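Subject: Structure for your review

Dear colleague,

Please find below the structure that I am handing over to you.

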Amino acid sequence: MALAESLGLEPTLFLEAIKGGATDSAYAQTKGAAMAGRAWDEPAFALDSVVKDLGLMVDAARGSGFPDQLLASLLGLYDRASGRGFGGADMAAVRTAFDH
């Protein structure tokens, strides 16, 4: 969504583009619409809960020697959004990690 905006595109066009394709899902449409509308004030799952869960996954990966780069990158994005004051918002507020 943020990439679409940075390219000067209406973010909802991304959702239309994936509709019916392999990357489409009800979840992508729901969270994507929340991101496009910046509507994350009523959390279905709080962003800080994602931070906690990702932290546990990173710890487990590191503890077992499993590569953790993707998980650590995701944790960094959710941490950034939380640090910007969106910890209690819906996880769709991770979109704010890409704001300037």
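Where in the chain is the place of Asp-90? Asp-90 is found in the segment after helix 5. Please keep in mind throughout that this is a predicted model.

Asp-90 is buried, since its relative accessible area is 4%, and buried means under 20%. Leaving out residues up to four places away in sequence, Asp-90 touches Lys-31, Trp-40, Glu-42, Pro-43, Ala-44, Phe-45 and Leu-47. With Phe-45 there is a polar approach: a polar atom of the Asp-90 side chain lies 3.4 Å from the backbone nitrogen of Phe-45.

The chain as a whole

The chain contains 5 helices and 0 strands, so that its elements read α-α-α-α-α from the N terminus on. Along the principal axes, the C-alpha atoms fill a box of roughly 40 × 30 × 25 Å. Of the 100 residues in the chain, 34% are buried. Among contacts with a separation of 6 or more, 55% come from residues 24 or more positions apart.

Helix 5

Helix 5 has 18 residues, which should span 26 Å at 1.5 Å a residue; the end C-alpha atoms are 24 Å apart, in agreement with that expectation. The buried residues of helix 5 are Leu-75, Tyr-78, Ala-81 and Ser-82. They cover an arc of only 130° around the axis, and therefore lie on the same side of helix 5. Helix 4 is included in what covers the buried residues of helix 5.

The nonpolar core

The largest nonpolar core has 19 residues, and Leu-47 and Tyr-78 are those with the most contacts inside it. At least two residues of this core come from each of helix 3, helix 4 and helix 5. Helix 4 gives the most, with 5 residues. In soluble globular proteins, nonpolar side chains tend to be buried together.

Setting aside neighbours within four places in sequence, Leu-47 is in contact with residues including Tyr-78, Ala-81 and Ser-82, which are also among the buried residues of helix 5. Phe-86 and Asp-90 are also included among the contacts of Leu-47.

An aromatic pair

The count of aromatic pairs comes to 1. The ring centres of Trp-40 and Phe-86 are 6.1 Å apart and their planes stand at 85°, so the pair is edge-to-face; the cut-off for that class is over 60 degrees. This pair links distant parts of the chain, as Trp-40 is in the loop between helix 3 and helix 4 while Phe-86 is in helix 5, 46 residues apart. Trp-40 is buried, with a relative accessible area of 4%, whereas Phe-86 is partly exposed, with a relative accessible area of 25%.

A backbone detail

What is the phi of Arg-38? Arg-38 has a positive phi of about 50°, although it is not a glycine. Most residues other than glycine have a negative phi. Arg-38 lies in the loop between helix 3 and helix 4, and its relative accessibility of 38% makes it partly exposed.

Yours sincerely

Methods: Residues are numbered from 1 along each chain as its sequence is written. This is a predicted model: local features need pLDDT of at least 70, side-chain atom pairs count only at pLDDT 80 or more; totals for chains, interfaces and linings use all residues. Side-chain values use heavy atoms; hydrogens and water are left out. Rings of Phe, Tyr and Trp (its six-membered ring) pair if their centres lie within 6.5 Å; planes under 30 degrees apart count as stacked, over 60 as edge-to-face and the rest as tilted. Helices (H or I, at least four residues) and strands (E, at least two) are DSSP runs, numbered from the N terminus. Buried means under 20% relative accessible area, exposed over 50%, partly exposed in between (1.4 Å probe, protein chains only). The expected span of a helix is 1.5 Å times one less than its number of residues. The arc is that of the directions from the helix axis to the C-beta atoms. Contact means heavy atoms within 4.5 Å. A nonpolar core is a set of buried Ala, Val, Leu, Ile, Met, Phe, Trp, Tyr and Cys residues joined through side-chain atoms within 4.5 Å. A polar contact is a pair of N or O atoms within 3.5 Å; within protein, one must be able to donate a hydrogen and the other to accept it, and residues adjacent in sequence count only if both atoms are side-chain atoms.
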